[in-house]
Amino acid sequence: MTIEEDWAELTGSLAGAGARMSELTAGLGPVEAADGHRALLRALNNQLGRLEVDRERPELVPFNGWREKFFMDNPDFRYWVADVRHDRRYRISGTLGDAVFQSITAYATRGGPARSVGRIDSDSIGVDDDGRFTVVASSEPPESGDWLPLPEGADTIWVRHFHADVDRDRLGDATIEPLDEPHEPPTLDPEALGRRIRRLARTMAAVPEVIAAATADERDRPNELRHWTEMAGGAAFTEPDITYVRGSWSLGPDEALAIEGDVVASRYWNVLLYSRFLNSLDQRHRPVSRTSATATIVDGRYRFVVAPRDPGGTGDWLDTEGRPFGLVVMRWLQPQGEVPLPRVHRCPIGDLERRP
């Protein structure tokens, strides 16, 4: 294929994705229609940021910021992603800040779904008195220091910082540098660029279909939560040690969804609201998430109220932004035992509002 044909495939896929999103949002109103198309723009922005890669001199690129939300982002985490070669050696370093947990994971992405093939986390990553860490990523262990294995097939590294209060915490950072002398980069390879453009075209064409398929159960079974095993084991670049509980709300303008249950001992947990387009809601300006540090726990139990306004005094409010439908996801990192499903109750907001 020529580069002109590759470009035509990309522009055609964008037009098709927009048309499909219009079909999915038909009858939902102008706000949801606009939000669906914004989700496409965010996905495109996310993928463009990783279109060009340099595995000889990789970069840990911040991932899933508020402008680049893509498929179940988590604003209580900080992510960095780098594309690497399994036969090269790299030094990953940075600062932990106030993160309560850190993991560095190597994935293999070719020949099927992404799978975790190497990992190191806070249990073994050394941090000095200044909060700095250093990890060597390579196929063979270094003579000393912390090591991230890069077995054959490993081509991507993710660094994750888990934050208990991301609005107040000191944020850390992460960088990567080659330990082997990089090879001289080749001149531009038109075929390689064409492959990347075609891959981007396929990704963008798939985004509306993934959204529709991923939210089908929630649309059919609203106002309940269930265990979510599809994201176990590191699938789709998830953290391998998380237990997920997921569901949805479907509420009128004067209704609320109360979610309450027992806290399970774990390294970390949070609850977060998403749009029907798999983007987290606006944590920068609204209370749309709680963590194990910011939730109100009474007698070992949590209580969240999902509603368009704060009823006051009945539990931790999670703001739906007035959306009639959306997703709720709870993440439990390394829970000690089975995570029980919470009790979910739909009711008028007035039943929950504090009385004078």
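**Strands, pocket and helices**

Visitor: Is strand β8 largely enclosed or left open, and how many of its residues are buried?
Guide: The model is a predicted one. A residue counts as buried when its relative accessible area is under 20%. Strand β8 covers residues 156–162 and is largely enclosed by the rest of the structure, because the number of its residues that are buried is seven of seven.

Visitor: Which residues stand opposite histidine 161 and isoleucine 157 in β8?
Guide: Strand β2 (residues 77–83) pairs with β8 in the antiparallel sense over seven bridges. Strand β4 (residues 101–108) also pairs with β8 in the antiparallel sense, over seven bridges. Opposite histidine 161 stands arginine 78, and opposite isoleucine 157 stands alanine 106.

Visitor: Which element supplies the largest share of the lining of the second largest pocket?
Guide: This pocket has a volume of about 510 Å³. Elements that each supply at least two residues of its lining are α2 (30–48), β1 (61–63) and β2. The largest share, four residues, comes from β2.

Visitor: Which residues lie nearest the centre of the second largest pocket?
Guide: By class, the lining has nine nonpolar, nine polar and twelve charged residues. The pocket is lined by 30 residues, and those nearest its centre are Asn64, Gly65, Trp66, Lys69 and Arg284.

Visitor: Are helices α1 and α3 roughly parallel or roughly antiparallel?
Guide: Helix α1 (residues 3–25) packs against helix α3 (residues 190–214) at an angle of about 10°, with their axes 9 Å apart. Angles under 35 degrees count as roughly parallel. The relation of α1 to α3 is therefore roughly parallel.

Visitor: What is the make-up by class of the contact of α1 with α3?
Guide: The two helices pack with their axes 9 Å apart. By class, their contact has 17 nonpolar, two polar and six charged residues.

Visitor: Which strands stand at the edges of the open sheet of four strands?
Guide: The order of this sheet is β7-β6-β3-β9, with mixed pairing. Two of its strands have a single partner strand each, so one side of each is left without a neighbour in the sheet; these edge strands are β7 (146–149) and β9 (173–178).

Visitor: Which residue stands opposite alanine 174 in β9?
Guide: Strand β3 (residues 90–95) and β9 run antiparallel and are joined by six bridges. Opposite alanine 174 stands glycine 94.

Methods
Residues numbered from 1 in each chain as written. Predicted model: local features only at pLDDT ≥ 70, side-chain atom pairs only at ≥ 80, totals over all residues. Heavy atoms only, no water. Buried < 20%, exposed > 50% of the residue type's maximum accessible area, 1.4 Å probe, protein only. Pairing = 2+ DSSP bridges. 1 Å grid on protein atoms, 1.4 Å probe; cavity = no way out; pocket = protein on both sides within 12 Å on 5 of 7 lines; lining within 4 Å. Points joined across faces, edges and corners; volume = space filled by probe spheres on them. Nonpolar A, V, L, I, M, F, W, Y, C, P; charged D, E, K, R; others polar. Axes fitted to C-alpha atoms, helices over the stretch in contact; angles between N-to-C directions. Parallel < 35°, antiparallel > 145°, perpendicular 65-115°, else oblique.
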